[in-house]
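Please open the model in your viewer and keep the selection panel at hand. The stops below say what to select next and what is to be found there.

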Amino acid sequence: MALQQNSRRCSPLATVVAIAALAIAIVPSAIPAAAAFQIKASVSVPQTSPLATDAVGDKHEGRDAEIERLVAEKLNRIAAEYQTHRDKMKRTLEMELELSAKVESCFMSGTCRHQKDDLLLSSKLNAKQRLLEQCTRANGQVVRNLLSTDGKQLFQSINFVPSAATGSNGEHDDLGQLMGNGGMMEGGEKTKESDGYDTALQVLHHTARDWTAGAAPCREATIGWIVSAIMQYASENARMRVLVPGAGLGRLAYDISTCSDLCQKGEVHVEANDSSVTMIFAAQQVLEMLQRQHDNQMKVQSDIFPFLSDPQINQIDTEKRFERDVFPDDEAFHSYERYWERKGEQPNLAFTVGDFVSTYSQQTKQSQYDVVATSFFIDTATNIYQYVFIMKHVLDSDGESPSIWVNCGPVQWHPCALLRPTVEELKGILEAAGFELLVWQIAHEAVAYRHPDDLGTSERQPRYTRSEGYRPLQFVARLRHSGAYADEIDTADLPLKIQYSEYLNEVASGKVKLEG
């Protein structure tokens, strides 16, 4: 869930033929800090690959170490990329300072400049230069800490499973592709890590929105609405299995897993999915900060400057660019403490890294979840029909499960989208697929993407002359267990249908040419 309207990630469905998916699970347990939040990896490989023919869980000599090395190198590259960004910002400001000083000398005499020094742009840029150095140093440290591997073993175990991707063959058994495409449709690995979803700036942006107090009003309007809807429509079960696709830095999944009102009814198991290994490792580090804070009973927080790298357009107040916040926010820690006091263990929260379509269309995922919760996700679809029928596939259809899909977020179709239905057209697709719509509405109030000041209100000074916000689509859709649509559409052969729809996507996008 990237944070600017024009930069949120694109689902890598159109390139799934050429890649394998990496699935990683962070498995929390009530054990000492050094061993908690271990990571398990489930790697999807082409169906014709020798790896896919062996039993799941078999050890494949040398592959585990190779995957560990590639992931560590990727995280190190992304952390180092922030220094490149920092140098570019510094050079730009130096150019502006030099130019403004020379232009001021050209148009004003020395005496005049001295008398009006506090009004001149060069003086203000001098002050910004000092602030920039301090703030970029702090943000650079945040990125390094969140993506640091410290030479440790990254995965508790690595299993290989056959991929459902259409056209998979042994030629694409390339471990260098296992980290996904970083939300980019085109370009090499370096481009994906500097301009796509897997970037240092996106790590900073998501950390700020998910884990700082300043962004709490934005989270309350989205995450808060989703958690309340789950409590209203699915909280009576003694055991609830929740899937959160497009989880980003993990706050939605975390808030569901630690919600007191849900946990007091029974066990809540949450699985958060994201296409970015970068986001998952950053989320793991934040969770470990909460754990260390609990273990040591002292605050473990880091400074962050969320707005430092914003584009230099439409700005109103210079000071707002250099506003400081800290993460994780106090409420996140209080939620952790309340859960621990009630349960005496870590929250039941797991992460899976991998392309949503490839991972969750697998037969092993059928009827595995009671609730699916999405925010900033549905508009990442290349083909929305795939998302809808995978939701139907993964929700438990035994009649005892609540079987609901809860959504709150924008419907701003990404550049990769081949189908871009309106809200009303999307409603028809869900109903035709066999969902009963318990709630379907557009929020009355606009929500800022990242911070309330990005939108501005009568009580708050806006950050920009242009507002950045949206009115989220909010819905609760229940899978029908009986009635006209209940058994009409079967998802038992979903992997084959996904393969064929992937082929149709490639034809529609011009990547595959039909003969004749």
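Select Arg463 together with Phe307: in this predicted model, Arg463 lies over the face of Phe307, at 3.5 Å from the ring centre, where a charge counts as sitting over a ring if NZ of Lys or CZ of Arg is within 6 Å of the ring centre and within 35 degrees of the ring normal.

A note on conventions belongs here. Residues are numbered from 1 along each chain as its sequence is written, and side-chain values use heavy atoms, with hydrogens and water left out. Because the model is predicted, local features need pLDDT of at least 70 and side-chain atom pairs count only at pLDDT 80 or more, while totals for chains, interfaces and linings use all residues.

Now select Trp405 and Phe475, an edge-to-face aromatic pair with 5.1 Å centre to centre and 80° between the planes; rings of Phe, Tyr and Trp (its six-membered ring) pair if their centres lie within 6.5 Å, and planes under 30 degrees apart count as stacked, over 60 as edge-to-face and the rest as tilted. Trp405 lies in strand β10 (residues 404-409) and Phe475 in strand β14 (residues 473-479), so the pair ties together parts that are 70 residues apart in sequence. Both Trp405 and Phe475 are buried, that is, under 20% relative accessible area with a 1.4 Å probe and protein chains only. For one aromatic cluster, select Phe356, Tyr360, Tyr369, Phe377 and Tyr387.

Strands next, taken as DSSP runs of E of at least two residues, numbered from the N terminus, with helices as runs of H or I of at least four. In the order β8-β5-β4-β9-β10-β14-β11, seven strands form an open sheet of mixed pairing, two strands being paired if DSSP finds at least two bridges between them. At the edges are β8 (349-353) and β11 (435-442), each of which pairs on one side only. Strand β5 (residues 267-274) pairs with β8 in the parallel sense over five bridges, and Glu271 has Ala350 in β8 as its bridge partner.

Finally, colour by pLDDT, the predictor's confidence in each residue from 0 to 100: the chain mean is 82, and 77% of residues reach 70 or more. Over residues 168-178 pLDDT stays under 50, and the model has 32 contacts there beyond four places in sequence, a contact meaning heavy atoms within 4.5 Å. Residues 54-59 also stay under 50, with six such contacts.

Note on methods
Buried < 20%, exposed > 50% of the residue type's maximum accessible area, 1.4 Å probe, protein only.
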